Amino acid sequence: MEYAKIRIGVIGTGIIGKAHLDQYAAIEGAEVVALCDINEQEARRVADKYGVAHVYTDYKDLLARDDIDAVDVCLHNNFHAPLTIAALQAGKHVYCEKPIAGSYYDGKAMVDAAKEYGKKLHIQLSTLYKKETKAAKALIDGGQLGKLFHARSNGFRRRGRPYVDGFGTAYFTKKASAGGGALLDMGVYHIAQMLYLLGETEVERVTGKLIQEMDMDEGRRAESGFDVEELALGFVTLRNGLTLDIFEAWAVNLGGVEGSSIMGSKGGIRLPSYHSGEMTSDITFHTTVADIDLDSKIDLNRMDIRWHRMRDNEEAYDSSQKHWIAALQGRVELMPTAEIALATMLISEGLYLSDSLGRETTAAEIVAASRSLSIPL
């Protein structure tokens, strides 16, 4: 089947931009027609590699093109809001790298702008398209967990802090450019995954603690200006009494942590755990049948094969970018990633505020305290 062609402009040709270009290259109907980066030499090198015809160093020139349907923002967190809003104003749909922005204030401005200009806003939340997320959602929607009441969001790296541990750039380690550390870099994936599975984005109260205690190379500490957390801990109360606890580590002296989990009155799910990007445990489903406690493994690969054979447009949920292109083609409804990402940012900012105040905070307090961290263009 031939799908409608979606023409894309990508802003930012760093690590994330290249990853997005790799994805687009494999998606039928996606055509990247223009790139923009302040580093013209690198942008042209990337354009040659991916066969992109047009290169700009000023985002305004890219947005001025009338043959671009959607813009992909692949810059650091505090550039997300100004670039996204400018693209929406220019009449483009926007796909933005996670987190939605460096602050709730900026993320809300993005969501509001998408509504005002009648355009789609999609945030890159890759965990929503994992096989284990799909399996968990099917079990929840099928009533196998009963009434949901608690979730646990876990993320683990042993020593995986950007730059100071030998990879990535110092932009990730400074609040001025990134807005935060482990919580905004990795925690967004796991918290958003839990909110999606819980089916709830309305936050009531947040308690948090942010920690930076692990040793690091002193030279790289000084060079990076490292002023963000390497470990985030939190507890969140959502609407209707649902609760969520958070453990997100860039660096911690443990050999690993269990996968995230969802608990309900009839059953529970433990998602796989990961170490250095590798899955170290299976997804498991736990329930009681005939007064017998059952712990079941799920064959994700067989599930995935069957669903792709039996369900229309199943490939539209294989990745964030495949979903984005399918939604722009009108084949599927866009998942509420912007709303989930905004709630995730509210929770994250609530952890920061709670840590600074030394007490629990309310959603209203978090919203009132949030300020723009956007970097002027």
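Modeller: In this predicted model, A19, H20, Q23 and Y24 of helix α1 meet Q321, W324 and I325 of helix α11, where contact means heavy atoms within 4.5 Å. Helix α1 covers residues 15–25 and helix α11 residues 320–328. Two packed helices are described by the angle between their axes and the distance between the axes. For α1 and α11 the angle is about 60°, and the axes are 9 Å apart. Angles of 65 to 115 degrees count as roughly perpendicular, so α1 and α11, at about 60°, are classed as oblique to each other. The crossing of α1 past α11 is right-handed.

Elsewhere in the chain, an unreviewed UniProt entry lists residues 134–270 as "domain: GFO/IDH/MocA-like oxidoreductase". This span is 26% helix and 29% strand, and its end C-alpha atoms lie 13 Å apart.

Strand β9 spans residues 231–238. Six of its eight residues are buried, so β9 is largely enclosed by the rest of the structure. Strand β8, residues 203–211, pairs with β9 in the antiparallel sense over eight bridges; within that pairing, T207 has F235 of β9 as its bridge partner. Strand β10, residues 243–249, is also antiparallel to β9, joined to it by seven bridges. Here G234 stands opposite I246 of β10. The hairpin of β9 and β10 has four residues between the strands, and N240 takes a positive phi near 65°.

Conventions: Residues numbered from 1 in each chain as written. Predicted model: local features only at pLDDT ≥ 70, side-chain atom pairs only at ≥ 80, totals over all residues. Heavy atoms only, no water. UniProt positions renumbered as here; feature names shortened; annotations may be inferred. Helix = DSSP H or I, 4+ residues; strand = E, 2+ residues; numbered from the N terminus. Buried < 20%, exposed > 50% of the residue type's maximum accessible area, 1.4 Å probe, protein only. Pairing = 2+ DSSP bridges. Axes fitted to C-alpha atoms, helices over the stretch in contact; angles between N-to-C directions. Parallel < 35°, antiparallel > 145°, perpendicular 65-115°, else oblique. Left-handed = near helix turned anticlockwise from the far one by under 90°.
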